Amino acid sequence: MYDTIIIGAGMSGLAAGIRLAHFDQRVCILERHYTIGGLNSFYRMGGRDFDVGLHAMTNFARKGTRRGPLAKLIRQLRFNWEDFALAEQIGSSIRFPGVSLDFGNDIELLQSEIAREFPDCVDGFAKLCESLLDYDDLAGDDPNFNQSARAVLEQLIPQPLLREMLLCPLMWYGNAREDDMDFGQFCIMFRACYLEGFGRPFKGVRTILKNLVRKFRGLGGELKLRSGVSRIHVENGHAVGVVLDDGTEIAGRRILSSAGTVETLRLCDDITEVDVAKAGQLSFIESISILDVQPRDIGFDRTIVFYNDSETFHWRRPEQGLCDVRTGVVCSPNNYRYDAADGTLPDGVIRITTLADHDRWCALPEPAYRAEKVAQYESAVQSAVRFMPDFRRHIIDTDVFTPKTIRRFTWHDNGAVYGAPEKRLDGTTHLDNLFLCGTDQGFVGIVGAILSGISMANRHCLVSAD
Amino acid sequence: MSPAEIRDEIIDILGDIAPDENLDDLVDDKNFRDQLELDSMDFLDIVMELRKRHRVQIPEEDYGHLASMQSTVNYLEPKMRDIVKA
Ligand SMILES: Cc1cc2nc3c(=O)[nH]c(=O)nc-3n(C[C@H](O)[C@H](O)[C@H](O)COP(=O)(O)OP(=O)(O)OC[C@H]3O[C@@H](n4cnc5c(N)ncnc54)[C@H](O)[C@@H]3O)c2cc1C
């Protein structure tokens, strides 16, 4: 009998597991995939290391910082700052037709860029920075949390183009809702991206995941891979345990699930139908290019470029076709300030993320699917090179993954990357001992998911557990 | 444990949960919150570490007693009096 069974060995499940194991619970993480990491895992292909998702860790903070999400998670998980070995970004840009705004890990750069391009918005931007909800309000009970971010911006920023430009990176890095964004989520992402900024470990997401799993196991936690949960066994309104895909039954006093809201409810014995309309809709394709040069050598020194090819930013599932390449994110993991001792990454890498439609990708028969991966990769690159140096003659290897891939390895409905638009901020479900953590509880991204795991473990599995 | 030993133990716990804080200058009758960057998660950790290390149970309604070093030691003294320092 486990004190807590955790479904999913992604960022949130591993972080929750560490908290519980640290406080002597018998805890078991069950993961369906043969490896850890979920939406942010890693793989090896053609002799090279790839990350599934890591462009940037948001919420950068320097060693010894006492406030903010990164400091909080390091404390709560009893890590040292050195464990994550984060290198700072060189600098990122938001590029729309005819205008480019640079930003870095210090808000002053963005302020001065706005002063240059949008002088009549300087005061409004300063007011916006002041009116951000504080982290302490982000338990979700602030009445302003669900306000429209667009409506708030309209009050403060007179130039529509600047509003679109400010929203673009924040939606790309953490908005599950189409078109608009909850103001609470806007505040979280504004701090995460503009006030705190980006960092990355030299070895990418491996460094983070290896630390998480090593710590979890070191504390006596059990991790079972290839152990998908096919059912949550319910008796009298109470979860009593889970049944694995191979029929094995495991009993637990409570269950914490990172599988997603709809996905978790579907597992419950007592539920016959779930409201699939509530699942998230936004998914991506990721087009990875390996270059024979470092991006800097062809004149590209940006860490991340968020681009959009018109004055209006469209944040929705593609209305037609497999992908929407009008907007995208370009990331070069080479463009961080790595420690001299680490040197440079072995290959030049350019990653491009564009919006994609899950259902259309999944409906393709296998040969067409393969052909489309190539075609959509090319169209993503073609779109991106309008906003950066053309790197195409330096490509020596590529990889592409689609919403179908994301779905296949994470089991999230629609291959949704940021989960459902309606979050369950308190993490509760219809059962008194089944709780949610991760993407669908509320916080997204690597830092967000880790914090979600921590706070749900604290709230539902430690405080009230005796 | 004597009050002084309980104080040492709390310092040890604080050092664990907030390693970047300087605890040498802590003023015992001033609130932790005013001197250290502690939030509700950190206060929970003080409670949980006490439970883990010494099996001391602190009910949620008593968390307010952990406001300063002084009030914490006063509150814990009857609960930890019979614990022998390891
Ligand atoms: C292409 C891409 C790029 C990204 N870029 C960034 C970035 O640059 N920076 C950043 O901070 N974030 C980024 N993210 C987002 C980030 O990866 C996620 O927000 C975060 O990893 C979510 O963690 P999680 O624990 O909530 O969920 P998940 O990682 O989805 O974890 C859930 C786990 O549960 C498992 N599972 C599901 N169902 C079952 C079941 N029935 N039984 C057992 N196990 C099950 C899944 O296999 C999975 O491992 C990116 C994501 C993608 C896909």
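User: Buried means under 20% relative accessible area. In this predicted model, is A:R351 buried or exposed?

Analyst: A:R351 meets A:E286 in a salt bridge, 2.7 Å from N to O. A:R351 lies in strand β16 and A:E286 in strand β13 of chain A, so the pair ties together parts that are 65 residues apart in sequence. A:E286 is buried, and A:R351 is also buried.

User: Between which domains does the ligand lie?

Analyst: Helices α1, α13 and α14 of chain A each supply at least two residues of the shell around the ligand. Two domains of chain A both give residues to that shell, so the ligand lies between domain 1 and domain 3.

User: How much of the ligand's accessible area does the protein cover?

Analyst: A side-chain N or O atom of A:S12 is 2.7 Å from an oxygen atom of the ligand. A backbone N or O atom of A:I446 also lies 2.7 Å from a ligand oxygen. Of the 1,000 Å² that the ligand has on its own, the protein covers 98%.

User: Which helix gives the most to the shell around the ligand?

Analyst: The shell divides into 16 nonpolar, 15 polar and three charged residues. With three residues, the helix that gives the most is α14(A).

Methods. Residues are numbered from 1 along each chain as its sequence is written. Chains are lettered from A and ligands numbered from 1 in the order in which they are written. This is a predicted model: local features need pLDDT of at least 70, side-chain atom pairs count only at pLDDT 80 or more; totals for chains, interfaces and linings use all residues. Side-chain values use heavy atoms; hydrogens and water are left out. A polar contact is a pair of N or O atoms within 3.5 Å; within protein, one must be able to donate a hydrogen and the other to accept it, and residues adjacent in sequence count only if both atoms are side-chain atoms. Accessible areas come from the Shrake-Rupley method with a 1.4 Å probe; for residues, only the protein chains shown count as cover. Helices (H or I, at least four residues) and strands (E, at least two) are DSSP runs, numbered from the N terminus. Ala, Val, Leu, Ile, Met, Phe, Trp, Tyr, Cys and Pro count as nonpolar, Asp, Glu, Lys and Arg as charged, and the others, Gly among them, as polar. Domain bounds come from an automatic or database domain assignment. A salt bridge is a side-chain nitrogen of Lys or Arg within 4 Å of a carboxyl oxygen of Asp or Glu. Buried means under 20% relative accessible area, exposed over 50%, partly exposed in between (1.4 Å probe, protein chains only).
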